[in-house]
Amino acid sequence: MSNEKAIDVTSEIGKLKTVLLHRPGRELENITPDFMERLLFDDIPDLEAARKEHDAFAQVLKDNGVEVLYLEELAAESIEDKEVRQKFIEQFLEEAHVSGEGTIKALKDHFSDLDNKELIDTLMAGVRKTELKDYKAESLADMASSDYPLVLDPLTNLYFTRDPFATIGTGITINQMRTETRNRETIFAEYIFKYHPRFKDAGVPIWLNRDEKTSIEGGDELVLSEKVLAVGISQRTDAASVEKLAKRLFENNESFETILAFDIPKSRAFMHLDTVFTMIDHDKFTIHPGIEGPLTVFSITKGKDGDLEIERERDTLEHLLAKHLELDNVELIRCAGGDPIDAAREQWNDGSNTLTIAPGEVVVYARNHVTNRILEEKGIKLHKVEGTELVRGRGGPRCMSMPLIREKA
Ligand SMILES: NC(=O)NCCC[C@H](N)C(=O)O
């Protein structure tokens with residue numbers, strides 16, 4: 001590789017160079033109505049249609065000069081060493097709480113026939129009881145009856161690559177996720193940054209790791225500029241994680257000077273900050289009007305002796321963003337223009353969740369036509385993609401992408 005850094009993201013809007021995606025896999029075919037809520041889905045997607053939509057999304061990125069990397073490929077390339085592969089399987093099964101010696105043995109036999117890519121796809125998809133041949137009950141845990149049809153749960157949310165780890169500057173946070181169902185997603189990041197040839201010797205700092213006691217998810221982590229981050233305190237991210245992140249960044253001399261903590265309502269519709277607020281140009285942001293009333297913003301800066309200086313911002317969001325980003329003005333573009341019915345409908349379908357691929361140029365779901373028309377009227381260039389199946393997991397283009405490298409904005 002050239003002298004480019006492995007990770008380099010100092011804004012939400014600089015031209016996107018390299019991005020990480022996950023093509024929806026068989027995990028979506030292990031969602032059933034009974035377990036849908038726990039798996040964080042609101043409906044059952046059609047895998048083939050979801051893949052078509054996702055491929056079209058990836059194509060838009062490639063057509064715009066973006067290098068697209070796939071999580072499943074990087075993960076497979078990270079476990080080429082036999083011992084690493086073995087360790088990975090052990091850790092994965094342990095964290096999945098697979099119990100029963102017979103079950104574990106049958107799963108390991110099942111995996112032994114698979115090459116690395118097939119293994120990763122299978123671990124992502126989960127394993128049904130009916131897939132295990134030659135299964136012999138050996139322990140009480142194997143023998144006790146259970147109606148549960150899976151021996152290994154699927155990781156249904158992997159195509160939302162934004163959340164399990166997140167890039168900030170030249171480093172990453174490997175996230176302690178809020179929910180049990182998403183926590184194993186971060187094992188892939190652990191192995192990629194430890195063992196993948198592209199990343200292992202690149203000295204990528206890990207600002208927060210997956211064993212933290214408080215949670216944070218990438219949808220709450222927004223890099224507004226080289227100096228300013230916005231982090232949501234949300235249904236998924238604890239205030240304590242924001243403080244830890246601030247300390248780690250300030251201690252390690254990254255360029256960041258201010259963290260704006262956005263305290264947003266804790267609800268499923270607004271699960272992360274990026275479901276209600278994204279940056280789309282130097283001075284333009286999308287926002288869902290539903291959070292403007294209840295929103296409180298705190299600014300966190302470096303205090304004395306390693307302490308943090310925390311202040312509650314009293315100004316309007318426009319003014320405080322302009323002040324911290326050193327701009328004369330900023331414009332907030334309201335989801336569906338603020339119409340209470342259209343805004344609620346379109347935010348639910350990720351109308352505020354844009355992926356910016358260059359200043360003033362974003363990828364959006366075509367279905368949010370009221371918001372899209374307003375963005376176009378404001379001079380934003382839109383790449384519209386279909387998201388009828390993808391949106392059933394409640395995430396949009398920003399949620400489905402993790403930028404690894406952006407040009408300076
Ligand atoms: N950044 C995001 O808002 N990601 C969307 C995640 C959706 C997923 N079904 C979840 O509930 O975690």
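Reply: One begins with the naming of elements: helices and strands are DSSP runs, numbered from the N terminus. The model shown here is predicted. In this model, C399 lies in the loop between β18 (381-385) and β19 (402-406).

Me: Is C399 buried or exposed?

Reply: The general idea is to count neighbours: a residue is buried if 20 or more other C-beta atoms lie within 10 Å of its own. C399 has 27 C-beta neighbours inside 10 Å, and therefore counts as buried. Leaving aside residues up to four places away in sequence, C399 touches F160, R162, G219, D274 and N353.

Me: What does UniProt place at C399?

Reply: An unreviewed UniProt entry places the feature "active site" at C399.

Me: Which residues are closest to the ligand?

Reply: The ligand is surrounded by 15 residues, and the closest are L40, G219, H272, G395 and C399.

Me: How many residues does the largest nonpolar core have, and which have the most contacts inside it?

Reply: A nonpolar core joins buried residues of nonpolar kinds through C-beta atoms within 7 Å. Here the largest one has 105 residues, and L229, I259, A261 and F262 have the most contacts inside it. Helix α8 (residues 185-195) supplies the largest share of this core, seven residues.

Me: Why does this core lie between domain 1 and domain 2?

Reply: The core lies between them because domain 1 (16-73 + 156-406) and domain 2 (97-152) both give residues to it.

Me: Which residues does A261 touch?

Reply: Not counting residues up to four places away in sequence, A261 touches V231, I233, A239, V242, V297, F298 and I300.

Definitions and conventions
Residues are numbered from 1 along each chain as its sequence is written. This is a predicted model: local features need pLDDT of at least 70, side-chain atom pairs count only at pLDDT 80 or more; totals for chains, interfaces and linings use all residues. A residue is buried if 20 or more other C-beta atoms lie within 10 Å of its own, exposed if 12 or fewer, and partly exposed in between; C-beta atoms are placed from the backbone. Helices (H or I, at least four residues) and strands (E, at least two) are DSSP runs, numbered from the N terminus. Domain bounds come from an automatic or database domain assignment. Two residues are in contact if their C-beta atoms, placed from the backbone, lie within 7 Å. A residue is near a molecule or strand if its C-beta atom, placed from the backbone, lies within 6 Å of it. UniProt positions are given in the numbering used here, feature names are shortened, and annotations may be inferred rather than shown by experiment.
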